[in-house]
Amino acid sequence: MERGEFKVTMIKQEVVAAALPLQEHWLPLSNLDLLLPPVDVGVFFCYKNEQSMSFWSMVGVLRKAMAQALVTFYAFSGEVVQNSVGEPEILCNNRGVDFFEAFADVEFKDLNLYDPDESIEGKLVPKKKHGVLAVQATELKCGGMVVACSFDHRIADAYSTNMFLVSWAEMAQSKSLSLLPTFRRSLLNPRRPGHIDPSLNDMYVPITALPPPKNDTDVDQDHLISRIYYVTAEQLDNLQALASSNGFKRTKLESFCAFLWKMVAKSDTKIGCAKKLCKMGIVVDGRTRLSQRGNYRSHQASHMITYFGNVLSIPFGVEKVEDLVEKSLNWVAEEVHDFLKCAVTKEHFLGLIDWVEAHRPVPALAKIYSSGSEEGPAFVVSSGQRFPVSEVDFGWGLPVFGSYHFPWGGNAGYVMPMPSPARKGDWIVYMHIFKGQLELIEKEAAHVFRPLTFDYLSQI
């Protein structure tokens, strides 16, 4: 067996339901939930098990704590069904969560985390077949464990799932919950009358207005692949310094995105596409924006911080490939800052809620999700800086590593930077983009994007 190749054996499957009986009821999706396609998101954590607990005792802790956490996070214990107009809703019936136990014939040090297509996909992150959430606990040959989840993105964004993961770990250690989620959909009700900024028509599109999908028969066509890198704090500081100019200091995320936008654009010049356009979107969380005090819903603002569901928007910029390649990093960073400005306001999110209401029951999507490669390269960056890798301790120590895993199925790429558990200030970067783009990045930006290795994680 070559390094990186290993077999995963399923040992047991059961359903874990909430520990207390729940009154069956229907929970509608909010207008912002309805902007998400039916895709599942994966997340996983790797543990060394330095306390030498048995796998069965650890699994027992996970199952019991999950049953307790589902009492509060009951949406994860339900299932998605269609209502009378064909829109998805959550049937909160305590159907439960599919819980898989498995054994992987590999040691943690031999897991090729740099290539999650090889080591994670279809092996350590479960395929969700029923319900809203699926969980897999996998014992490694060294005695370590991987705990992984797949969840329906229509029901929860990363912020909501992070709340659940932290609460699950708190239950495992018999702690009181530090956050209680709210499912009050009225927090995201549309206004009467609504007010829609025309710019939203450039960002979102009803699916009935999408062109029919093309049949790609070229077997040699470039394809999306996943890789995980780390970026050092020093490189992030350097990018920030280069991206800032004229007295304007750009954030690390803006600087990182600007650099990546240049790299992706440059990959297209290698195949003679310099006249094309290149799109980059950045996911914006609306909770803090909607929490801003004002005449509208000021009494509800504080509840947004613990709101469970999707509160996201994806503004994006469009620039000529040749401009992104030839112009300075601080010019690109300014373009990033400018297209973000429109979406980091309370009014933007209230307008987006109204926009969805005006198009219901026709489903809609973020335009960049459906961007085709024939239009030029496109990708989305979602900041995972709130990823709770330093908080998900079930009682046998903090994870050595954790990451989201999201080969999301769109035509655009997807990138998520997260805090590193190994070195303060470093970032872990999950990338799901085209193979040709990654090859150029690894060739020309190897000093920034370094393949994730066991040696790097051993700094902990």
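The domain assignment of the chain, which comes from an automatic or database source, gives domain 1 (8–187) and domain 2 (199–458). The model is a predicted one, in which local features need pLDDT of at least 70, side-chain atom pairs count only at pLDDT 80 or more, and totals for chains, interfaces and linings use all residues. Residues are numbered from 1 along each chain as its sequence is written, and side-chain values use heavy atoms, with hydrogens and water left out.

Taken over C-alpha atoms, the centres of the two domains lie 24 Å apart. With contact meaning heavy atoms within 4.5 Å, 67 residues of domain 1 touch 59 residues of domain 2. Buried area is the accessible area (1.4 Å probe) that two parts lose on being put together, summed over both.

| Property of the pair | Value |
|---|---|
| Distance between centres | 24 Å |
| Buried area | about 5,800 Å² |
| Share of buried area on carbon and sulfur atoms | 63% |

On the side of domain 1, Leu 35, Tyr 114 and Leu 187 lose the most area to domain 2, together 14% of what that side buries.

Across the interface there are four salt bridges, each a side-chain nitrogen of Lys or Arg within 4 Å of a carboxyl oxygen of Asp or Glu. Arg 360 forms a salt bridge with Glu 87, and their closest N and O atoms are 2.6 Å apart.
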